[in-house]
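I looked up each in the structure shown below.

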Amino acid sequence: MGDLITEYTERLQQQELQIQALSGEIESLKNSQNPGSSARLEELMEENSRLKYRFNILNRALQEERTRCGYAMLNISQRLQEIFGLTIRTSYPELENPPLALAPNQQPKFGDYQCNSAMAMAQMLKAKGMKANPREIAERIIRNLPDNELIQKTEIAGPGFINIHLKRAFVSKLLSKLLINGVTPPPLTSRKRVVVDFSSPNIAKEMHVGHLRSTIIGDSMSRLFEFLGHDVLRLNHVGDWGTQFGMLIAHLQDKFPDYLTVSPPISDLQGFYKESKKRFDEDDGFKKRAYQCVVKLQSKEPDFIKAWNLICDVSRQEFQKIYDCLDIKLIERGESYYQDLMTQVVKEAEDRGFVQLDEGRKIIFAPGQSVPLTIVKSDGGYTYDTSDLAAIHQRLFEEKADIIIYVTDSGQSSHFQVVFAAAQMLGWYDPKVTRVEHAGFGVVLGEDKKKFKTRSGDTVRLMDLLGEGLKRCMDKLKEKERDKVLSPDELVKAQRAVAFGCIKYADLSHNRINDYVFSFDKMLDDRGNTAAYLLYAFTRIRSIARLANINEATLRKEAESTEILLDHEKEWKLGKCILRFPEVLQKIQDDLLLHSLCDYVYELATTFTEFYDSCYCVEKDRQTGEVVKVNMWRMLLCDATAAIMAQCFHILGLNPVERM
């Protein structure tokens with residue numbers, strides 16, 4: 001079906017070009033008689049009309065097939081772009097890559113979407129020496145629009161804006177499909193292997209607030225790609241190798257000499273690290289022994305591997321407490337995982353003539369990069385550069401990744417730029433085929449707008465931060481007297497949902513590229529764009545069905561037979577907002593900016609409030625308080641809103657509860 005449409009589109013474009021050429025020829029010869037050209041023009045125009053008629057039939061059949069096919073949610077914006085893109089190319093085949101500018105209309109009274117391509121097309125035509133009026137271009141586009149399932153009518157405004165009004169019946173049908181099939185991802189053209197590298201704490205060091213953003217953002221990106229249907233590998237590239245392990249092992253041997261037979265009781269790993277570092281800096285004898293331990297560890301001597309594993313295990317247990325609180329799933333592959341591969345990577349770079357010697361170091365200069373990668377130090381050891389090259393090689397060739405995303409602070413952007421350039425130089429991947437991207441983020445600031453630290457100036461421990469969040473959240477719940485209406489178990493669930501949800505949402509709701517101010521007071525405020533507000537709003541929406549004594553099974557059954565009317569302006573606004581979910585996901589997949597999803601779910605919640613304030617869903621007897629009337633299609637709109645909000649929460653890593 002799609003191939004036939006492509007064939008007819010190409011033929012239409014050829015016909016249009018011939019018609020234009022003949023029209024120009026006739027115009028230039030209008031004072032002379034040339035019946036041959038005129039007859040040829042009429043013949044072409046007749047065939048062109050037949051082709052357009054056949055094209056419209058095929059296009060309509062394809063649209064119907066798409067509507068019936070599968071359970072995937074339709075991306076309305078993308079579908080409109082397909083329709084207008086095809087129409088623009090058919091209407092103006094002489095333009096190569098004509099612009100397509102289509103977006104939701106900011107003023108609903110002028111329509112639902114707007115196509116703003118005519119002005120840019122006019123400039124392109126003028127550059128070719130052709131007369132072009134944007135309104136006339138818009139008129140031709142509208143004339144050539146094929147029959148379709150989405151568009152009720154179009155209007156031209158101003159210099160050539162095309163306002164698009166959607167069919168209410170079609171929007172209603174999409175909402176019913178959503179309720180029957182559930183919230184499903186948009187159609188997936190091809191399933192990709194996606195590697196997301198995030199969190200990445202260092203062994204023997206506690207996780208602090210600096211790891212918070214990477215962990216939260218990386219998890220949410222992984223959830224997004226998983227929901228869209230991709231094969232996602234969540235990697236924790238921990239710092240578990242290097243010279244610091246020499247001093248840690250040497251200190252372990254001194255402090256717990258029987259570590260090989262009795263597991264050492266290291267409860268304060270941060271203190272243990274500081275003790276060993278102090279000895280390393282002040283005691284030359286200890287420093288020398290630490291370097292010897294590094295050599296023995298790299299030689300994989302069993303006693304030193306055991307000591308290394310003991311230290312790593314203590315760290316893993318502490319990391320896992322954080323991940324359990326935040327509901328984070330990760331596969332650990334630290335720097336040690338790539339040690340053997342580093343030798344191969346260095347050899348390949350040498351064999352291919354990319355390595356230069358610089359004062360005993362082996363370096364690589366990538367095209368367009370002023371700073372080289374040091375892949376072998378002067379003492380023969382490897383570096384972070386070597387391990388990152390080995391990691392990207394493994395992900396490309398062994399994992400066969402189509403997309404690789406590194407979620408680290410923006411300060412590492414120049415480093416990754418060089419690594420990516422070197423990998424391309426080595427021929428490991430083509431950026432036009434494989435997407436390799438650094439998703440950088442700003443730092444967390446305190447309310448004084450300075451880097452977030454404790455009052456004593458120390459880095460904030462992440463576990464302390466989460467504990468403080470739990471305490472403040474419980475205080476807030478008790479202030480609202482929720483402890484009087486919720487069971488102890490429900491109260492704890494609400495506490496954890498709000499506390500951890502607020503910490504995550506406060507991070508994700510800000511553009512990750514920018515720094516953001518960490519404030520418990522703001523994030524726990526149940527007014528405005530916060531997780532506290534959204535979680536409470538979700539709970540209220542869910543309670544509407546309980547108020548009407550309608551269970552989930554009844555709603556599913558009603559969705560199959562009840563038409564969702566969208567006559568009231570607030571019903572129409574809410575219906576359209578619900579169905580924008582797929583296009584929001586598409587935008588985030590393209591730019592990896594998750595605050596767009598936060599903005600969307602907040603807009604959805606506030607749009608629902610407008611609807612609920614204007615349109616009754618459940619009518620009660622004023623005297624008895626009993627439910628006397630239920631508006632079923634509005635109940636279905638409530639259910640659809642809650643379903644989309646729940647999926648947004650899942651992608652953002654929030655865990656809503658039914659009662660709060």
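In what order do the strands of the open sheet of five strands lie, and is the pairing parallel or antiparallel? I worked on a predicted model. I read the order as β7-β6-β5-β11-β12, with parallel pairing.

**Entry: edges of the sheet.** I looked up the edge strands next and found β7 (331–332) and β12 (435–438), each of which pairs on one side only. I then followed β12 to its partner: four bridges join it to β11 (residues 403–406), and the two strands run parallel. Within this pairing, I noted that Tyr406 has His438 of β12 as its bridge partner. I also checked what packs on the sheet here: α14 touches β11 and β12, and its direction makes about 160° with that of β12.

**Entry: largest pocket.** I turned to the largest pocket and recorded a volume of about 1,200 Å³. Its lining has 46 residues, of which Ser200, Asn202, His208, Gly210 and His211 are the closest to its centre. The elements that I found giving two or more residues to this lining are α7 (209–227), α9 (269–282), α13 (384–397) and α14 (413–425). I noted that α7 gives the most, with five residues.

Entry: I sorted the lining residues of the largest pocket into 15 nonpolar, 18 polar and 13 charged.

How values were computed: Residues numbered from 1 in each chain as written. Predicted model: local features only at pLDDT ≥ 70, side-chain atom pairs only at ≥ 80, totals over all residues. Heavy atoms only, no water. 1 Å grid on protein atoms, 1.4 Å probe; cavity = no way out; pocket = protein on both sides within 12 Å on 5 of 7 lines; lining within 4 Å. Points joined across faces, edges and corners; volume = space filled by probe spheres on them. Nonpolar A, V, L, I, M, F, W, Y, C, P; charged D, E, K, R; others polar. Pairing = 2+ DSSP bridges. Contact = heavy atoms within 4.5 Å. Axes fitted to C-alpha atoms, helices over the stretch in contact; angles between N-to-C directions.
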